[in-house]
Amino acid sequence: MATVVVVGTQWGDEGKGKIVDLLTEHADIVARYQGGHNAGHTVINDAGRYILHLIPSGVFSAGKELVIGNGVVISPSDLLNEIEALTERGLRLKGRLYISDRAHVIMPWHVVIDQGDERHGGGTKIGTTGRGIGPTYSAKMARTGIRMGDLLWPEVLKAKIDKILQELNPLLVQRYATPALKGEQICRAYHEYGTRLREFITDTVAVVQKAYREGRNLLAEGAQGTHLDIDHGTYPFVTSSSCVAGGACTGLGLGPTQIDAVVGIAKAYTTRVGEGPFPTELHGELGVRLQHTGGEVGATTGRTRRCGWFDVVLVRRSVQLNGLTSLALTKLDVLDDFETIKVCTGYRYGKKTLEEFPSQENVLQDCEPIYTELPGWQTATHGITSLGKLPARAREYVAELEKLVGTKISIIATGPERAATIVNDLPF
């Protein structure tokens, strides 16, 4: 048996969906432990091309159980739409999907606040998706949240909504110029959501712990990436949850000693969507070239991703924070046509050379990357499934990244399809 956590090591969008889909073959349960429907995991396999937002990426493997943990924040309407869309495409969820009764619910006022704060943030935009994720986590910490279990109890739900709106409606009207929200309508709609989701809502901690006692394989997937983590990311340009491997403990109800391996996902270059400092960002023709070749458009938002060279300082910090046991490198084939490939091995800040990732936004913003140049291989690698068949310079690039970040690269993706993968080692 094994419990394996999969995390992003950059700013999200590293290709976690593909790797989770690949590893699901060896798992019994696939569980999502944080984030909301602002995440988009793209999976391409024999069944077609799918974009998932809340449902764990293991949904395509028949018989695998799926858990949405207590660390996730849920938009019930979007979850129901996703369930319906997957069901229409022949995927069965009844009897295999478990939704935590402790997971917090994204309510209409959370969306109003999120979008309003992003519009009127005093000139500082975070780059949120405006879907209410951050305010829902804020309400959770302020102990004014509504949980999935509450949707099953109309009297409890009504009492909570009435109390919240009594205090919140004046703020919504005055600060956000929004009409006061009607508690009765919201209560009726969200109880209906709960009724439709009733068969899935349960104590998922009990589900996870039972699986652990029975010696079953558990695969835990996070959303976003390490450097969007609320504690360890490029604050304040971060998400509102714990994206690192430790988030799987709080977000699923696992003990730290119950995790056996942590697999980090990194692109062969670096991307970032939204605002925030990005030392290796390419602003000219090379950046546009990476965008176009890599298809760098957000699966959920449709926003174009900013692109740059691989940042060793960034990923090395992720190796440390997550205790990575191995790394999966994705989109190697995107670099096939580059004559020269650069790798950032440190930062220059004024007269100082930094080898550790700085915590201050203003410092990181002024850092200049220190590059090592490597020769490109200029040979097609798309679809290669054996390390020995990679061009020699591509193998050298992979080996150099292994040495610099300090962990082995066990999986290499040479295309978006499940089959386009080199697997040197599996965590299970």
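Mentor: Just after H4, Arg143 has a positive phi of about 65 degrees. This is a predicted model, so treat that angle as computed. Now step back into the helix. H4 covers residues 133-141. Its buried residues are Ile133, Gly134, Pro135, Thr136, Tyr137 and Ala139. Their cover includes strand E6 (73-74), strand E8 (104-105) and helix H3 (108-119).

Take the helix pair next. Two packed helices are described by the angle between their axes and the distance between the axes. For H3 and H4, the axes come within 7 Å and cross at roughly 120 degrees. H3 is therefore oblique to H4. The crossing of H3 past H4 is right-handed. On the H3 side, the residues that meet H4 are His110, Ile113 and Asp114. They face Ile133, Pro135, Thr136 and Ala139 of H4. By type, the residues of this contact split into 4 nonpolar, 2 polar and 1 charged.

Now the wider packing. In soluble globular proteins, nonpolar side chains tend to be buried together. Here the largest nonpolar core holds 59 residues, and Ile99 and Trp109 have the most contacts inside it. Helix H5 (residues 154-176) gives this core its largest share, 7 residues. Leaving out residues up to four places away in sequence, Trp109 touches Ile146, Ile161, Ile164, Leu165, Leu168, Leu172, Leu181 and Ile186. A second, separate core has 48 residues, among them Ile29, Leu218, Leu290 and Ile409.

How values were computed: Residues numbered from 1 in each chain as written. Predicted model: local features only at pLDDT ≥ 70, side-chain atom pairs only at ≥ 80, totals over all residues. Heavy atoms only, no water. Buried < 20%, exposed > 50% of the residue type's maximum accessible area, 1.4 Å probe, protein only. Helix = DSSP H or I, 4+ residues; strand = E, 2+ residues; numbered from the N terminus. Contact = heavy atoms within 4.5 Å. Axes fitted to C-alpha atoms, helices over the stretch in contact; angles between N-to-C directions. Parallel < 35°, antiparallel > 145°, perpendicular 65-115°, else oblique. Left-handed = near helix turned anticlockwise from the far one by under 90°. Nonpolar A, V, L, I, M, F, W, Y, C, P; charged D, E, K, R; others polar. Core = buried A, V, L, I, M, F, W, Y, C linked by side-chain atoms within 4.5 Å.
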